[in-house]
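Me: I would like a close look at one part of this structure, and then a walk from there to other places worth checking. Please keep it plain.

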Amino acid sequence: MDLRLFKNIVILTGAGISAESGIRTFRDQDGLWEEHRIEDVATPEAFARDPKLVQRFYNLRRAQLKDPKIQPNPAHLALAELERLWEGDFLLVTQNVDNLHRRAGSSHLLHMHGRLDKVFCLHCDEHYEWNEDLAVDQSCEACGRKGGVRPDIVWFGEMPHHMEEIYAALDKADYFISIGTSGNVHPAAGFVRLAWKAKKIEINLKDTEISPSFDAHFVGPASTEVPRFIKELLE
Ligand code: OAD
């Protein structure tokens, strides 16, 4: 199969692509959701009820991004290289809120679940970059009011970002590649079915809930499987 015949690529990544960079996944053994209940830290209701706990959860994760040991791994770098060399349309959609794709050099990139390094204000709706801890009584940089600044993360019950653009890209995708995601969370888990005319490839350490919807599987760690697959694609 000459993969270069396929023009438009949509790639979906999940926590598994950042696991080898040292960022914990959600649902694997020792994943974040084993230690925290989603309802306690990842819903608008949790923020209203206990903003201190929610801010602390995201402050720890935001601070981790400054750890010099946390670096893009060969899978992030290979995707950035693919974007540079691919002649058709290219879209990278990530469910991850870390900054590793950007640091690897990806630019046609949509963070559908938000970004750890951004915040927004519930009072004035201004969104801006933020790399420090957030205090519960943080003043908004834009309007100056206190107590409304929250992580720019899509919580359960909220609408993921960029959905129109993502659906349009899936509809014309010739190639859909899903990397390091468990297929547990919608709408991302349904993308494989929306990429109706695409060849569908899954790269993961193991089979997932949505594996039967794919045409081919590469089983193994993203840091070796993704560069190997992309090299083949580009040759
Ligand atoms: P999960 O933690 O649900 O799944 C991680 C997936 O990565 C699993 O299928 C693992 O098998 C796989 N994996 C782990 N290490 C890997 C490696 N080195 N190489 C390849 N694959 C590996 O994470 P997501 O699917 O990203 O949402 O979770 C989706 C959403 O659920 C997240 O964005 C987050 C979470 O709740 C929000 O917070 C809104």
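Where does N8 lie, and before which strand?

Reply: The model is a predicted one. N8 sits in the segment that comes before strand 1, and strand 1 covers residues 9–13. Its relative accessibility is 9%, so N8 counts as buried, the cut-off being under 20%. What covers this residue can be looked at through its contacts. Leaving aside neighbours within four places in sequence, N8 is in contact with D89, K172, A173, D174 and Y175.

I230 belongs to helix 10, which runs over residues 222–234. Its relative accessibility is 5%, and therefore I230 counts as buried. Beyond residues up to four places away in sequence, I230 touches A78, L79 and L82. G16 is 214 residues from I230 in sequence, and the two C-alpha atoms are 17 Å apart in space.

Helix 10 also holds T224. T224 has a relative accessibility of 44%, so T224 counts as partly exposed, the class between 20% and 50%. Along the chain, T224 and P74 are 150 residues apart, yet their C-alpha atoms are separated by 7.3 Å.

The next stop is strand 4. This strand spans residues 114–121, and K118 is found in it. K118 counts as partly exposed because its relative accessibility is 22%. Not counting residues up to four places away in sequence, K118 touches H127, Y128, E129, W130, P151 and D152. Strand 5 covers 127–129, and strand 6 covers 149–153.

The cysteines come next. A disulfide is a covalent bond between the sulfur atoms of two cysteines. This structure holds zero disulfides. C121 is in no disulfide, and the nearest cysteine sulfur, which belongs to C140, is 3.7 Å away. That distance does not count as a disulfide because the two sulfur atoms would have to be within 2.5 Å. C121 has 0% relative accessibility and so counts as buried. C143 is in no disulfide either; the nearest cysteine sulfur to C143 is that of C124, at 3.8 Å. With 33% relative accessibility, C143 counts as partly exposed.

Now for some backbone details. Most residues other than glycine have a negative phi, and most peptide bonds are trans. D125 is not a glycine, yet it has a positive phi of about 65°. D125 is found in the loop between strand 4 and strand 5. H162 is also not a glycine and has a positive phi of about 65°. H162 lies in the loop between strand 6 and helix 8, and helix 8 covers 163–171. The relative accessible area of H162 is 37%, so this residue is partly exposed. As for the peptide bonds, the one that joins H186 and P187 is cis, with omega about 10°. P187 lies in the loop between strand 7 (175–179) and helix 9 (191–194).

The ligand is the last stop. It is surrounded by 24 residues, and the closest are F26, R27, T181, S182 and N204. By class, this shell has 10 nonpolar, 10 polar and four charged residues. N204 places a polar side-chain atom 2.7 Å from an oxygen atom of the ligand. Backbone atoms take part as well. A backbone N or O atom of L205 lies 3.4 Å from a nitrogen atom of the ligand. For A222, a backbone N or O atom lies 2.8 Å from a nitrogen atom of the ligand. On its own, the ligand has 800 Å² of accessible area, and the protein covers 95% of it.

Terms used
Residues numbered from 1 in each chain as written. Predicted model: local features only at pLDDT ≥ 70, side-chain atom pairs only at ≥ 80, totals over all residues. Heavy atoms only, no water. Near = heavy atom within 4 Å. Polar contact = N/O pair within 3.5 Å; in protein donor to acceptor, adjacent residues only side chain to side chain. Areas by Shrake-Rupley, 256 points an atom, 1.4 Å probe, with all protein chains shown as cover. Nonpolar A, V, L, I, M, F, W, Y, C, P; charged D, E, K, R; others polar. Helix = DSSP H or I, 4+ residues; strand = E, 2+ residues; numbered from the N terminus. Buried < 20%, exposed > 50% of the residue type's maximum accessible area, 1.4 Å probe, protein only. Contact = heavy atoms within 4.5 Å.
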